[in-house]
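Please prepare a short report on the structure shown below.

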Amino acid sequence: MIKKINQHSLGIYMVVLAMICVQSGTAIAKFLFPVLGPAGTVSLRLGIASLLLLVIFKIKIFGRSKFDYYWCLSYGVCLAGMNLSFYYAIKFIPMALGTTIEFTGPLALAIILSRKYQDFIWAGLASLGIALITPWSNTNSINIIGILLAALAGIFWVGYILCGKIISQKMESIDAVTLGMGVAFLIVLPLGLNDGFVEKLNIKWLLLGACVALLSSAIPFSLDMRAFNKLSSKTYSILMSLHPALAALSGFIFLGEHLNLIQILAILSVIIASIGSAITSKR
């Protein structure tokens, strides 16, 4: 019982650390947008991350089972769609807003998979936070394209969770992350080349891209894959409610985005929902 609880707690810590890395990396990535564009930034990030993991861990590419190729392909498609649509979204809307809207995907999954009434309470509290942080009352400040792209990223996020859960039970975590990330890189590469990101690269942007690759891809996706074996999809999904809070914090630290009182209340709502979900699931 103690071992089970410890494994569950470890999974929660892994997910939280992964989210901190993702939001920090995403904030830093916005500095690359004016030069490389969203597609070029995603291409650079996924390319460096997959190459690093491939070399460091000597991942076997050929001679694997059909299961491995099929699910890594599915995982890679979701990964590419989630990252590309989200990066384009935050080109039009603030990072915290984009993350909050994207979170509606995992939140919907959490509600669908719920089996206890407490889960609906935490999901409802997280939904309140989303409603508070989204300025629907001021429609002039909302870019519809950004909203739709963030919602699309949320749909791909659900696929990422479900595919990752299946793969983590059949493959080594690092193998799945590396192969899936390689597939995602090949999918987004044509768009990145169209943006001309290769011609615009120099040492400065390459180093910044490597930093983004580690923070936004290599480290968090590896942590996520290991956490999938320790947490249920429902618990993982509701824990994702921390993302808007961390996005707002990263936006403030790296991009100078300030929060008003309503947004602070929204952050508190999603944090309480995340903590409540973790405690309830642990029991």
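## Salt bridges

The structure holds two salt bridges, a salt bridge being a side-chain nitrogen of Lys or Arg within 4 Å of a carboxyl oxygen of Asp or Glu. The model is predicted, so local features need pLDDT of at least 70 and side-chain atom pairs count only at pLDDT 80 or more, while totals for chains, interfaces and linings use all residues. Residues are numbered from 1 along each chain as its sequence is written, and side-chain values use heavy atoms, with hydrogens and water left out.

Helices (H or I, at least four residues) and strands (E, at least two) are DSSP runs, numbered from the N terminus. Through shared partners, the salt bridges join R64, D68 and D175 into one network.

Burial is judged by relative accessible area: under 20% is buried, over 50% is exposed, and values in between are partly exposed (1.4 Å probe, protein chains only). D68 is buried because its relative accessible area is 11%, and R64 counts as buried at 17%. D175 is buried as well.

## Aromatic pairs

A pair of aromatic rings is described by the distance of the centres and the angle of the planes. Rings of Phe, Tyr and Trp (its six-membered ring) pair if their centres lie within 6.5 Å; planes under 30 degrees apart count as stacked, over 60 as edge-to-face and the rest as tilted. By this rule there are four aromatic pairs.

One of them is the tilted pair of F33 and Y87, with 5.5 Å from centre to centre and 55° between the planes. This pair links distant parts of the chain, since F33 is in helix α2 and Y87 is in helix α3 (residues 66-92), 54 residues apart. Both F33 and Y87 are buried. In the pair of Y70 and W71, the ring centres are 5.2 Å apart and the planes are at 85°, so the pair is edge-to-face. Y70 and W71 also belong to one aromatic cluster with F67.

## Two buried residues

S43 is in helix α2 (residues 33-57) and counts as buried because its relative accessibility is 1%. A polar atom of the S43 side chain lies 3.3 Å from the backbone oxygen of V188. Beyond its neighbours within four places in sequence, S43 is in contact (heavy atoms within 4.5 Å) with F185, V188, L189, G192 and F197.

A184 is found in helix α8 (residues 173-194), and its relative accessible area of 0% is why A184 is buried. Leaving out residues up to four places away in sequence, A184 touches L46, G76, L79 and A80.

## An exposed loop residue

K58 is in the loop between α2 and α3 and counts as exposed, because its relative accessibility is 72%. Most residues other than glycine have a negative phi. The phi of K58, however, is near 50°, a positive value.

Terms used
Polar contact = N/O pair within 3.5 Å; in protein donor to acceptor, adjacent residues only side chain to side chain.
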